[in-house]
Amino acid sequence: MTPPDAPHNRWSDLDRPPLNGTALRRGLLRPDALWTSLEVVESTGSTNTDLAGRARGGAADEGTVLVAEEQTAGRGRLERTWTAPPRSGLFFSVYLEPGDIPVERWGWVPLLAGVAAATGLARSAGVDMSLKWPNDLLVTVEGEERKTGGILGEFAGDGIVVGLGINVSLRADELPAPTAGSLALAGAVSTDRETLLRAVLRSLEDWYGRWKAADGDAAASGLQAAYAAGCATLDRTVRAELPGGTSLVGEAVAIDGDGRLVLSTEGGLQQPVSAGDIVHLRGAAGGLT
């Protein structure tokens, strides 16, 4: 028998038990549900890369969920990497096919995933969550905003793959950066990953259903208002670091109908930003984030 403290024993960290794929499938896969399949793998480079490859090859149906206990080459926006200790978080991707919804509205899907994740985690972990435009999940640790999750969407096949990485049980000495956090460090009442994953996927199913029923109209579905209500970027002075090396400073005043962040600049102009890194300079929470 392998000793319980063997280097690669999947039970070597008793605070981080493995996910039970059978139990997750039993709770989430129903005839009338969005989710059609769910697979848990021990380790992979990136669930987004894997699932996008399946979609491009016609091997993924809408509602496919791929979960990894560990990602060795997880990807964020701008090809940044995302790594964490095995079983310390939720690392998963889903495949969605919005179908007849106009493609120009598909850009709302990653923002929708942010609202769904924040809602599901707030309920199941008992932690206040907020969103940093466009794709970060924030928690408060010792009075400071910290990034505890990120979202990445990419077109693949006839649909879109949306990946989520969420720090659940990371300890202070395991954080990849001073600006990072975890649900545990934010005082979560539960860090049971199966409970959290079920909550996020059910919330995602709910919001996706509302959005599709409104033909992808973010205002009519309530998505635009929900995102704005939970967005920590609004009403703050921010710097938008734009593609091409330019930047723009202004007050974040709105999320428009296309999901863009609207900045009010010194000249009184309102400038929509569709892509870029956002730095919170000052605002209601204070400080630099």
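In these legends, a residue is called buried when its relative accessible area is under 20%, exposed when it is over 50%, and partly exposed in between (1.4 Å probe, protein chains only). The model is predicted, with local features needing pLDDT of at least 70 and side-chain atom pairs counting only at pLDDT 80 or more, while totals for chains, interfaces and linings use all residues. Residues are numbered from 1 along each chain as its sequence is written, and side-chain values use heavy atoms, with hydrogens and water left out.

Helices (H or I, at least four residues) and strands (E, at least two) are DSSP runs, numbered from the N terminus. Of the 289 residues in the protein, 51% are buried. The protein exposes about 13,100 Å², of which carbon and sulfur atoms supply 49%; these areas come from the Shrake-Rupley method with a 1.4 Å probe, and for residues only the protein chains shown count as cover. With contact meaning heavy atoms within 4.5 Å, 64% of the contacts between residues at least 6 apart in sequence join residues at least 24 apart.

**An open sheet of 7 strands has mixed pairing.** The order of its strands is β1-β2-β5-β9-β8-β7-β6, where two strands pair if DSSP finds at least two bridges between them. At the edges stand β1 (37–41) and β6 (130–132), each of which pairs on one side only. From one strand to the next, the twist averages 20°; here axes are lines fitted to C-alpha atoms, for helices over the stretch in contact, and angles run from 0 to 180 degrees between N-to-C directions. Within this sheet, strand β2 (residues 64–68) and β5 pair in the antiparallel sense over 5 bridges, and L66 stands opposite S93 in β5. Helix α3 packs on the sheet, where it touches β5, β6, β7 (136–141), β8 (144–156) and β9, and its direction makes about 35° with that of β9. Helix α4, for its part, lies across β1, β2 and β5 and runs at about 30° to β5.

**A hairpin is made by strands β12 and β13, with 5 residues between the strands.** Strand β12 (residues 261–264) and strand β13 (residues 270–273) run antiparallel and are joined by 4 bridges. Across the pairing, L261 stands opposite V273 in β13. In this hairpin, G268 takes a positive phi near 85°.

**R260 and D256 form a salt bridge, with their closest N and O atoms 2.7 Å apart.** A salt bridge is a side-chain nitrogen of Lys or Arg within 4 Å of a carboxyl oxygen of Asp or Glu, and a search of the whole structure finds 16 of them. D256 counts as buried, because its relative accessibility is 16%, whereas R260, at 28%, counts as partly exposed.

**R105 and D215 meet through their side chains in a salt bridge of 3.9 Å, N to O.** This pair links distant parts of the chain, 110 residues apart, with R105 in the loop between β5 (89–96) and α3 (108–125) and D215 in the loop between α4 (193–213) and α5 (223–230). R105 is partly exposed, with a relative accessible area of 28%, and D215 also counts as partly exposed, at 40%. Elsewhere, D15, R16, R171 and E174 are linked in a network of salt bridges.

**W106 and F155 form a tilted aromatic pair.** The rings lie 5.8 Å centre to centre, with 35° between the planes; rings of Phe, Tyr and Trp (its six-membered ring) pair if their centres lie within 6.5 Å, and planes under 30 degrees apart count as stacked, over 60 as edge-to-face and the rest as tilted. W106, in the loop between β5 and α3, and F155, in strand β8, are 49 residues apart, and the pair links distant parts of the chain. W106 is buried, with a relative accessible area of 7%. The whole structure holds 2 aromatic pairs.

**A186 is found in the loop between β9 (159–167) and α4.** At 22% relative accessibility, A186 counts as partly exposed. Apart from its neighbours within four places in sequence, A186 is in contact with V127, V139, T140 and V141. A186 and D128 are 58 residues apart in sequence, and their C-alpha atoms are 8.5 Å apart in space.
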